[in-house]
Amino acid sequence: MGVVGTRDLTVEYPRVRALDSLTVDIPEGVTGVVGVNGAGKSTLIKVLLGLLRPTSGSVEVLGMNPATDGPRIRELVGYMPEHDCLPADVNAAEFVMHMAVMSGLPHAAARERTSDVLRHVGLAEERHRPMGGYSTGMRQRAKLAQAIVHDPRLVLLDEPTNGLDPRARDEMLELVDTIGHSFGISVAVTSHLLGELERIADHVVVIDSGRLLRASATSDLTDVTGDVLVEVLGPAGADQRLGQALLDQGMTVWPQGDKVAVRVTDPSQLDAIRDAVVDLDLGLVRIQEVRHTLEEVFTQEAVR
Ligand SMILES: Nc1ncnc2c1ncn2[C@@H]1O[C@H](COP(=O)(O)OP(=O)(O)OP(=O)(O)O)[C@@H](O)[C@H]1O
């Protein structure tokens, strides 16, 4: 039995259909929810928390309906929002303690859990300093601490690695891994980078324009190696410029018509290819796998 299930879930904002008949199950364990900016990841999280009503379709979280069981769901579910929301003049100990009490923990238990959880996320020493003086990495860890302080069954983490340098990102991913695999809390974690979630997630769900592109065990994705063809839009010579940029990064690259063929030995290379296209100010038409599954992940072709 999964922790989250949606059926034909549609959410419309006045001008945008953010989720479009999304049917997906999120099992226990760590699930990566991947999609480019605007794909609908934050909207999905808000629906799961009961903060946003679906236009149509249904949702279950831990067997409950967020529209009617919102308060109970928020007791059992932790949430780390994407954007900065920490009061600058409050310290992490006071803030996390407050969130623990808000989640229904008695005072003494809240104090004990706060101190444990701040130690787990590596904020024990700085816990009495106002959060306004924290680095981005520390702020992300404070947001993570408040999400798990009440020992939830499920935690929803919205882009926890956003804005972090590579070292802080690795530390955050390790923490998420520990929460999911040592503390036994199910995790749904969003990112626009498939490569980074692939390291810690048991399952991956790929969303594009509010629709499900793919849902599979991560081990199926890690089989995604082989040759890919990258097609870009841009001025004449765009493909050669991309080819050179990828060569400079040490990738094995060769021209194929007006496309660039790349040998992929690690799924994180797909993110590097996408980043290179963006850095060169080109448009990515598609990354197409020459043999199997990549095409399903990166083109508009829904798998089911
Ligand atoms: N409150 C809102 N009012 C109108 N449109 C919105 C609102 N919130 C999100 N959208 C639009 O809905 C779509 C999905 O947004 P959402 O924030 O869910 O995507 P996302 O995958 O989480 O992206 P990001 O990582 O950039 O937040 C986008 O086109 C976005 O502009």
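Biologist: Before we discuss domains here, where do the domain bounds come from?
Modeller: Domain bounds are taken from an automatic or database domain assignment. On that basis the chain splits into domain 1, residues 4–219, and domain 2, residues 223–298. Please keep in mind that this is a predicted model.

Biologist: How many Å separate the centres of domain 1 and domain 2?
Modeller: Taken over C-alpha atoms, the centres of the two domains are 31 Å apart. Seven residues from domain 1 and six residues from domain 2 make up the contact.

Biologist: Which elements give two or more residues to the side of domain 1 that touches domain 2?
Modeller: Those elements are α7 (194–198) and β9 (211–217). The largest share, three residues, comes from α7. By class, this side of domain 1 has four nonpolar, one polar and two charged residues.

Biologist: Stepping back, how many helices and strands does the chain have?
Modeller: There are eleven helices and 13 strands in the chain. The radius of gyration is 21 Å, close to the 19 Å that the globule rule gives for 304 residues, so the chain is as compact as a globular protein of that length. Along its principal axes, the C-alpha trace spans about 65 × 45 × 35 Å.

Biologist: And what percentage of the 304 residues count as buried?
Modeller: Of the 304 residues, 41% count as buried. As for contacts with a separation of 6 or more, 66% of them are between residues 24 or more positions apart.

Biologist: Let us turn to strand β3. Is it enclosed or exposed?
Modeller: Strand β3 covers residues 30–34, and five of its five residues are buried, so it is largely enclosed by the rest of the structure. Val 30, Gly 32 and Val 34 point one way, while Thr 31 and Val 33 point the other way.

Biologist: Which strand pairs with β3 over five bridges?
Modeller: That is strand β7 (residues 186–191), and the pairing is parallel. Within it, Gly 32 stands opposite Val 189 of β7. Strand β8 (residues 203–208) also runs parallel to β3, joined by four bridges. There, Val 34 has Val 206 as its bridge partner.

Biologist: What about β10: in which sense, parallel or antiparallel, does it pair with β12?
Modeller: Strand β10 (residues 226–233) pairs with strand β12 (residues 259–264) in the antiparallel sense, over five bridges. Asp 227 stands opposite Arg 263 in β12. Strand β10 is also joined to strand β13 (residues 283–289) by six bridges, and these two run antiparallel. Val 228 stands opposite Glu 289 in β13.

Biologist: Now the ligand. How many residues surround it, and which are the closest?
Modeller: The ligand is surrounded by 13 residues, the closest being Tyr 13, Ala 18, Asn 37, Ser 42 and Thr 43. Helix α1 (residues 41–48) provides the largest share of this shell, three residues.

Biologist: How does the shell divide into nonpolar, polar and charged residues?
Modeller: It has four nonpolar, six polar and three charged residues.

Biologist: One last topic: which residues of helix α3 are buried?
Modeller: In helix α3 (residues 92–102), the buried residues are Ala 92, Ala 93, Phe 95, Val 96, Met 97, Met 99 and Ala 100.

Biologist: What do they pack against?
Modeller: The buried residues of α3 pack against α4 (107–120) and α5 (136–148). Following α3 comes Gly 104, which has a positive phi, near 105 degrees.

Note on methods
Residues are numbered from 1 along each chain as its sequence is written. This is a predicted model: local features need pLDDT of at least 70, side-chain atom pairs count only at pLDDT 80 or more; totals for chains, interfaces and linings use all residues. A residue is near a molecule or strand if its C-beta atom, placed from the backbone, lies within 6 Å of it. Ala, Val, Leu, Ile, Met, Phe, Trp, Tyr, Cys and Pro count as nonpolar, Asp, Glu, Lys and Arg as charged, and the others, Gly among them, as polar. A residue is buried if 20 or more other C-beta atoms lie within 10 Å of its own, exposed if 12 or fewer, and partly exposed in between; C-beta atoms are placed from the backbone. Two residues are in contact if their C-beta atoms, placed from the backbone, lie within 7 Å. The radius of gyration is taken over C-alpha atoms; the globule rule is 2.2 Å times the number of residues to the power 0.38. Two strands pair if DSSP finds at least two bridges between them.
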